[in-house]
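Here is a short briefing on one structure. It covers helix packing, a sheet and salt bridges.

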Amino acid sequence: MPSFALGESIPPDTAHVSLSSPATLLAAASDAFTQAVSVSLPTWQSNVGYEEGEDWVVGRMTTGYPRFFIHKSIQALAEDIAAAYGRPDQRAMLFPTARTATRCLDFIKDRVEAGLVPALDVVHLALDASKDVSPLLKRLCPTISAVLYPQEAFPFAKQYWQHTGDGASSRRAEFCHGLFRDHLLVATTSPRGAQEPQARPFRGPRRYQRQASIDAVTSPALAKPPAPATAREPQESTQFLEERFGRNLDLGLVERAKSAIRRRIAGSLCHEVDLHSGSLPTPSPNTRGLQSLAEHDVYLFPAGMNAIFNAHQALLCARGQLKSINFGFPYVDTLKILQKFGPGCVFYGNASSQDLDELETLLRSGHRFLGLFCEFPGNPLLTCPDLDRIRRLADEFDFAVVVDETIGTFANIDVLSVADIVVSSLTKIFSGDSNVMGGSAILNPESKYYDVLKQALDRDVFEDTYWPEDVIFMERNSRDFARRVDRINANAEAICDTLRNSALVKSLYYPKWNPSRGNYDARRLPSGGYGGLLSVVFTSKEKAQVFYDAMEIAKGPSLGTNFTLCSPYVLLAHYQELSWAAQYGVDPDLIRVSVGLEETDHLQATFEKALSAAEAA
């Protein structure tokens, strides 16, 4: 079972290396574009050092979770764009399109001091139509947009990047950087005060110090400035890019790959397909339980949080400016989206029957809401809200229900029948290989809001910013999704059995053993299990630290990987607000485990060895 050095990317070497699939290993070997989803923080103290921004940790990080850590290939392009089009005091934050960049610009303007607003700008870049480029590049039509801002505005630019998932992916940035160096990607707008390109080093903050850790951004400056571009003939560079893209990731496959992903999410494509064989097979009846569900009801996004952001935007567009409800202890950025990108929200942190009683009292007093957002199960306590009661309240008091099924997964549970929108992070178990980001949102065709939401998404909200290379990798990774879920379900239950037998374990959180199991079972499919995520609290902080340090597995942020991955989740997600989290029963020393595909006996032995170390301590 692998373990990784501090700061090493997970997966190692290249972000596209799979620990489970030889086919993906071969594809990764030719792929120099890195986007690892996790980074190794192998000791308890390294997690504390990360949160404190200590150089012995952040100085060794080669990557990080993509919405929290700006990938170095993105930083390199941002530096060059800022040098070419910005003023000396400006930096750049990259987005895939003009629309996403403009949203970020508006977000920053609303929050910075008035005196900084004139120093904010945006530049949009696209393929130079005057150049003699190939039909392939014209068809790809690559774009990148940069928000230019002074150092003082960085916290707000990074908040937008983190919360919304709108930022450019590293694969897009790497590809566009080659075109930019060869003067094939040029500005379609000129920012105020633009000057001739100039060389200047990247100077980023070592740590974004924030009020609360859910606004956290650890984005260490590069250990050294990116190496300057080597002198290359533009034609040679372009030929390399085109050959690589055409050979490994045929553009002709992208639309079929998107279709395969959407059908897979809709539950109408449960087997592997050959994208080269022509059109996809006729969709079979879906496993979601809604026969009217069509492929066009599934929307793909570049990140799971971007799916939630766009679902919220669609509801605001369709139903007006109403507050939302965040029901249950949330994934950190979901709450921030509801608080910062609309009229706000009310928060019920326990997802309990008592919380529902209080909500019902509020509704009967005349309060009205846009929608209720919840996770099923929740993160990190794996609590499952009563979706049937929520559905009844939503029908009576006219609000939408948005359910995040990332942890439960549609291979285990059915939540679409009681939701208006179902969102998911495809980055997690749907991909599994921890090397590509993605998200989805499904509209329930039987929802009373279906028509207005469909119109809002298609006309005003949805923009396809999913970079084609990321699409291809996501389709490849997800082909064996259902089989992997079965194996992970079984492994997770085995690990739970190991932990439940230990006197060191104070609390174990898993849907099968939680008090809310009845709510989970009400949504569980006949062949479904209880998922691959569990959390454990030990009898003392010292025992938790020794256990964590002794675990001979991958340790870092994220979940849903094909390999077992754990982290002191509360420490990472809520470092500046541990007492706030504790109000909702979330212990500051909780360890979260995402169980993988390893051999069950080997996995149990690894956990037993770590428990023995904790006992000896």
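Are α11 and α15 roughly perpendicular or roughly parallel to each other? They are roughly perpendicular, because angles of 65 to 115 degrees count as such, whereas those under 35 count as roughly parallel, those over 145 as roughly antiparallel and the rest as oblique. This is a predicted model: local features need pLDDT of at least 70, side-chain atom pairs count only at pLDDT 80 or more, and totals for chains, interfaces and linings use all residues. Residues are numbered from 1 along each chain as its sequence is written, and side-chain values use heavy atoms, without hydrogens or water.

**Helix pair**
- Helix α11 (residues 304-319) packs on helix α15 (residues 450-461) at about 110°, with the axes 9 Å apart.
- Helices (H or I, at least four residues) and strands (E, at least two) are DSSP runs, numbered from the N terminus.
- Axes are lines fitted to C-alpha atoms, for helices over the stretch in contact; angles run from 0 to 180 degrees between N-to-C directions.
- Contact means heavy atoms within 4.5 Å.
- Residues of α11 in the contact include Leu-315 and Cys-317, and those of α15 include Leu-453 and Asp-460.

**Sheet**
- Four strands form an open sheet in the order β3-β5-β4-β6, with antiparallel pairing.
- Two strands pair if DSSP finds at least two bridges between them.
- β3 (90-95) and β6 (185-187) are the edges; each has a single partner strand, so one side of each lacks a neighbour in the sheet.
- Six bridges join β3 to β5 (residues 143-150).
- Arg-91 has Tyr-149 in β5 as its bridge partner.
- Helix α8 (residues 170-181) packs on the sheet and touches β4, β5 and β6.

**Enclosed helix**
- Seven of the nine residues of α2 (residues 44-52) are buried, so the rest of the structure largely encloses this helix.
- Buried means under 20% relative accessible area, exposed over 50%, and partly exposed in between (1.4 Å probe, protein chains only).
- Among the elements covering the buried residues of α2 are α19 (541-550) and β18 (591-594).

**Salt bridges**
- The whole structure holds 30 salt bridges.
- Each is a side-chain nitrogen of Lys or Arg within 4 Å of a carboxyl oxygen of Asp or Glu.
- Asp-357 and Arg-389 form one of them, at 2.7 Å from N to O.
- Asp-357 lies in α13 (residues 353-364) and Arg-389 in α14 (residues 387-397), so the pair ties together parts 32 residues apart in sequence.
- Asp-357 is partly exposed at 40% relative accessible area, while Arg-389 counts as buried at 16%.
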